[in-house]
Amino acid sequence: MIRNNYVFELPNFDTKELFKFVSKQIPDNWYMMDDDKIVCNYDSQYSWLGNRFNIYQLKKGSWPKHVDLGRSCSLNIPYHNCDDTKVTRFYKSKNELKYGTVYDSFSDAKPKVNLKSNDMIGFVTSDLELDFEHVLKVPTVIRNDLPHDVINYNDDVRIIISWTCNKKFNEVLKEIEI
């Protein structure tokens with residue numbers, strides 16, 4: 001079980017009912033579609049989880065280095081094709097974090113375009129140093145407020161549930177450990 005400043009794995013988090021719900025939300029042809037996110041409303045029994053989550057698919061390629069500006073952390077839950085070929089990498093900043101426009105894409109199949117930072121996501125343009133890599137295999141609280149990217153090294157589409165926590169990372173950990 002990995003627990004550090006970036007991730008806190010919860011291998012015993014029950015996903016049975018959640019997976020039943022999620023299976024009804026994903027269209028059969030979603031893998032063929034360009035849309036990479038489905039938003040779902042869902043009530044949680046945990047006070048540290050919000051009342052909705054996103055389902056994300058990641059095709060071959062990567063999410064560029066970024067910080068989620070709208071949330072401190074999330075509970076990420078592996079749903080489909082989460083294996084060693086899909087890696088979340090966390091970075092330390094060598095200087096003050098700067099956000100801006102990056103020339104990249106979210107998939108090798110898509111053309112590279114200018115991706116602009118906004119109030120929800122900051123694409124990091126400052127120098128970073130790789131600090132930690134994580135493979136999502138069990139439900140895990142992850143830091144979204146630190147620079148990270150996600151890479152899918154093969155053609156299998158990865159699907160995860162990303163549930164925003166309504167508290168900061170250390171506050172969530174205190175509640176979980178009670």
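The model is a prediction, so local features need pLDDT of at least 70 and side-chain atom pairs count only at pLDDT 80 or more, while totals for chains, interfaces and linings use all residues. Residues are numbered from 1 along each chain as its sequence is written, and side-chain values rest on heavy atoms, with hydrogens and water left out.

Searching the whole structure turns up 14 aromatic pairs. Rings of Phe, Tyr and Trp (the six-membered ring for Trp) pair if their centres lie within 6.5 Å, and planes under 30 degrees apart are called stacked, over 60 edge-to-face and the rest tilted. One of these pairs is Phe-19 with Tyr-79: the centres are 5.0 Å apart and the planes meet at 85°, so it is edge-to-face. Phe-19 belongs to helix 1 (residues 16-23) and Tyr-79 to strand 5 (residues 73-80), so the contact ties together parts 60 residues apart in sequence. Helices (H or I, at least four residues) and strands (E, at least two) are DSSP runs, numbered from the N terminus. Phe-19 is partly exposed at 25%, and Tyr-79 is partly exposed, also at 25%.

Back to Phe-53 and Trp-163: their ring centres lie 5.3 Å apart with planes at 55°, so this pair is tilted. Phe-53 lies in strand 3 (residues 49-58) and Trp-163 in strand 13 (residues 158-165), 110 residues apart. Ring pairs also join these two with Phe-21 and Tyr-42 in a cluster.

How values were computed:
Buried < 20%, exposed > 50% of the residue type's maximum accessible area, 1.4 Å probe, protein only.
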